Amino acid sequence: MSENTEKGLLEEIKKDHKYIVSLRRHFHMNPEIAKEEFQTALKIEEELDKIGLAHKRVGDTGVYAEIKGSKSDSADSPSKTIVLRADIDALPIQETHECEYKSKIPGRMHACGHDAHTASLLGAARILNAHKDLFSGTIRLTFQAGEEIGYGARIFVDGGYLDGADRSFGMHAASNLATGKVAVVPGPNNASVDWFKITVKGAPAHVSTPQLGSDAAYIASQIVISTQALITRRTSPMDNVLIGIGKITAGDAYNIVAQKAELEGTIRAFTPEVRERTKQLLSDMSKQTARLFGGDAEVEYKDFASPLINDQTSTEEVQKTAIRLFGEENVIKNRQASLGGDDFAEYIIKVPGTYAYFGTGNPVKEGTIAAHHDSKFDIDETALLQSVSLYTFYAIDFLNQE
């Protein structure tokens, strides 16, 4: 791509900024949680219609479209395919941030930046479709539902929408990065996410005669304490892993030995090996603890997301594009991994790819440095220039590379 062509595209992205901001604000005002993104999907389809792109539903609320490049392929360089992803779901949070685009839906809020991701990918689609002559190959656009519950990525993967692709690429807003900064880091970036429920079965008795029963509440409390020993005494200090229990229920009355208790929690790990070993340790410990005190335990797991491990080659490609666009001083190549999960991991397992983080924090703009999932969360909307640019230019760069 010539320098003049690149400058021209960047100018177009700047001219489109108001359009992209308006999209982001529309999604922000009309948030829908996982598996309920029906109006969000309709709006995405409406915008794709305006762009001139055919589309189809994936599951009930995911949206898929393609852009075919028209630049001639060389005989030695067959056309390639890149998959771009934006997640579209909001959270069950009541927004407390006062702004002109505050959520209109009680108890629903885009508190993680998915509204920005969706608007950014639509903005990039508009530019890319208008300049199909600049690249060969295919760009697959995936607007993914249900990221917050580890649902939507597998719908695209299992449906074959990544089959045969050469690269995958996604981005996430980051309130703890300054606007203008982009983090593109190889290796583990996000932990796996496993939900678990431990059901403890005891036997009831009057509290004055505990020896006649089996106290499920007591067993559950011992399991909670012992989970920390699994980390500190059964796991290498070099392995980053977390077991967290966030919900406990037990018993029927104040004067009856509890006959049942339930614990719900999560395991987070950065490698498949540590993940599986920790699950096995937790299952074994829970069952053995229950038996020791006269009860039984059953452990159920749900796999919400795999560890997100950025592919080395893909990461270096994105870093190169980002440095050209934003300057080396604004591209972070070494950032601490997060124990938060993201199901874009399933894309990377299927197709080599990278997940980048673009900074949206600005101390002078209220809410933009609030933590993700905070009820005051907002973004510095100037960051949409970076996100649209990186989607656009990395897709072109990859498809045109020899």
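Leu48 touches Leu53, His55, Val63, Ala65, Leu122, Leu141 and Phe143, leaving aside residues up to four places away in sequence; contact means heavy atoms within 4.5 Å. Leu48 is also among the residues that touch the most other members of the largest nonpolar core, which has 63 residues. This is a predicted model: local features need pLDDT of at least 70, side-chain atom pairs count only at pLDDT 80 or more, and totals for chains, interfaces and linings use all residues. Residues are numbered from 1 along each chain as its sequence is written, and side-chain values use heavy atoms, with hydrogens and water left out.

**Cores**

- A nonpolar core is a set of buried Ala, Val, Leu, Ile, Met, Phe, Trp, Tyr and Cys residues joined through side-chain atoms within 4.5 Å.
- Buried means under 20% relative accessible area, exposed means over 50%, and partly exposed lies in between (1.4 Å probe, protein chains only).
- In the largest core, Leu84, Ile139, Leu141, Phe143 and Leu390 join Leu48 in touching the most other members.
- Helix H10 (residues 384-400) gives the largest share of this core, 10 residues.
- A second, separate core has 22 residues, including Ala220, Ala261, Leu282 and Met285.

- Helices (H or I, at least four residues) and strands (E, at least two) are DSSP runs, numbered from the N terminus.
- Two strands pair if DSSP finds at least two bridges between them.
- This open sheet has mixed pairing and the order S1-S2-S4-S3-S5-S14-S6-S13.
- Strands S1 (55-58) and S13 (331-332) stand at the edges with a single partner strand each, so one side of each has no neighbour in the sheet.
- Strands S5 (residues 167-178) and S14 (residues 353-361) pair in the parallel sense over 8 bridges.
- Ala174 has Gly359 of S14 as its bridge partner.
- H10 lies across S3 (81-87), S4, S5, S6 (182-183) and S14, at about 165° to S3. Such angles run from 0 to 180 degrees between N-to-C directions, with axes fitted to C-alpha atoms, for helices over the stretch in contact.

- H3 (residues 38-51) lies across S1, S2 (62-68) and S4 (138-144), running at about 160° to S1.
- Its buried residues include Thr40, Ile44, Leu48 and Ile51.
- Their cover includes H2, S1, S2, helix H4 (114-130) and S4.
- Just after H3, Gly52 takes a positive phi of about 100°.
- The axes of H2 and H4 come within 8 Å and cross at roughly 145°. Residues making the contact include Tyr19 and Phe27 of H2, and Ala119 and Leu122 of H4.

**The sheet of 4 strands**

- This open sheet is antiparallel, in the order S9-S10-S8-S11.
- The twist averages 20° from one strand to the next.
- Strands S8 (residues 193-201) and S10 (residues 260-269) are joined by 8 bridges.
- Ile198 has Leu263 of S10 as its bridge partner.
- Helix H6 (residues 216-233) packs on the sheet and touches S8, S9 and S10.
- Helix H7 (residues 272-292) also packs on the sheet, touching S8, S9, S10 and S11.

**Positive phi in loops**

- Most residues other than glycine have a negative phi.
- Lys35 has a positive phi, near 70°, and lies in the loop between H2 (17-29) and H3. Lys35 is partly exposed, at 45% relative accessibility.
- His373 has a positive phi of about 75° and lies in the loop between S14 and H10. His373 is partly exposed, with a relative accessible area of 38%.
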